[in-house]
Amino acid sequence: MKTRFVIPEGRLKDPSIRLLKRLGVNVPLPSGRELVVETEDYIFFFAKPFDVPVYVEHGIDLGIAGSDVVEERNCDLFIPLELPFGRCRLSVIMPGDHVVKVEEMDGFRIATKYPNIASRYFAGKGLDVEIMKLHGTVELAPKTRIAEALVDIVDTGRTLRANGLVEVEKIMGVSAMLLVNRIAQKTRFTMINELVMRMKQLLKEGTS
Ligand code: PRP
């Protein structure tokens, strides 16, 4: 039986493919809008990053996703390994000319792709905020005045600078993770364990 692996589209795609290549696993590039490619031993699926944990929870053997997405989706998964790429942070962000402390954000409207993480974070601080779920380009929310602040990824900080925004507080550090389906972890233990061990060894050697 072929191993089924979900690769995230977007910024984690290339480093994921590079890591697999170093393990001797070649991922053929899909042509056009193809979402599935097969090799002799693997079937690769290309999915939106936010959906990778869902596919792995529901039956795909393996996948790679950011810890931000894993936390937000809260899926039942086995996560044996943090991977050395996709490092960034999830933060509370505000327009640079209206900065206040997080503690002063009671009653604020918060735009985000991460409603679960954001809700928990503000509730944990005893703050009553209105969470506004958006699907991307969240930086527009304060510009259009539909929200006072946002919760989003900061990587290079370029997006913030380009839009006159500043990072008020970091919520969590983010990194790519290897995800394993809980049933596959048991029924395909030998194959998965070997892959994880080889990946661990490779990362230890610092050749990631
Ligand atoms: C993420 C995030 C910011 C940007 C931050 O968006 O939402 O917009 O990257 O990166 P930077 O600090 O290096 O500028 P992404 O490109 O993943 O796409 P999205 O806007 O569609 O969510």
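Predicted model: local features only at pLDDT ≥ 70, side-chain atom pairs only at ≥ 80, totals over all residues.
Local features are taken at pLDDT of at least 70 and side-chain atom pairs at pLDDT 80 or more, while totals for chains, interfaces and linings use all residues. Residue numbers start from 1 along each chain, and side-chain values use heavy atoms, with hydrogens and water left out.

View 1. Let's begin with the neighbours, meaning residues with a heavy atom within 4 Å. They are R11, K113, T137, E139, D152, I153, V154, D155, T156, G157, R158 and T159. Sorted by class, six are charged (Asp, Glu, Lys, Arg), two are nonpolar (Ala, Val, Leu, Ile, Met, Phe, Trp, Tyr, Cys, Pro) and four are polar (the others, Gly among them).

View 2. Ligand oxygen atoms lie 2.5 Å from a polar side-chain atom of T156, 2.7 Å from a side-chain N or O atom of R11 and 2.8 Å from a polar backbone atom of D155. The protein covers 71% of the 500 Å² of accessible area that the ligand has on its own (Shrake-Rupley method, 1.4 Å probe).

**View 3. The salt bridge between R11 and D155.** A salt bridge puts a side-chain nitrogen of Lys or Arg within 4 Å of a carboxyl oxygen of Asp or Glu. In the R11 and D155 pair, the closest N and O atoms are 3.0 Å apart. R11 sits in the loop between β1 (3–8) and α1 (13–22), D155 in the loop between β9 and α6, 144 residues apart (DSSP runs: helices H or I, at least four residues; strands E, at least two). By this rule the model has 13 salt bridges.

Definitions and conventions:
Polar contact = N/O pair within 3.5 Å; in protein donor to acceptor, adjacent residues only side chain to side chain.
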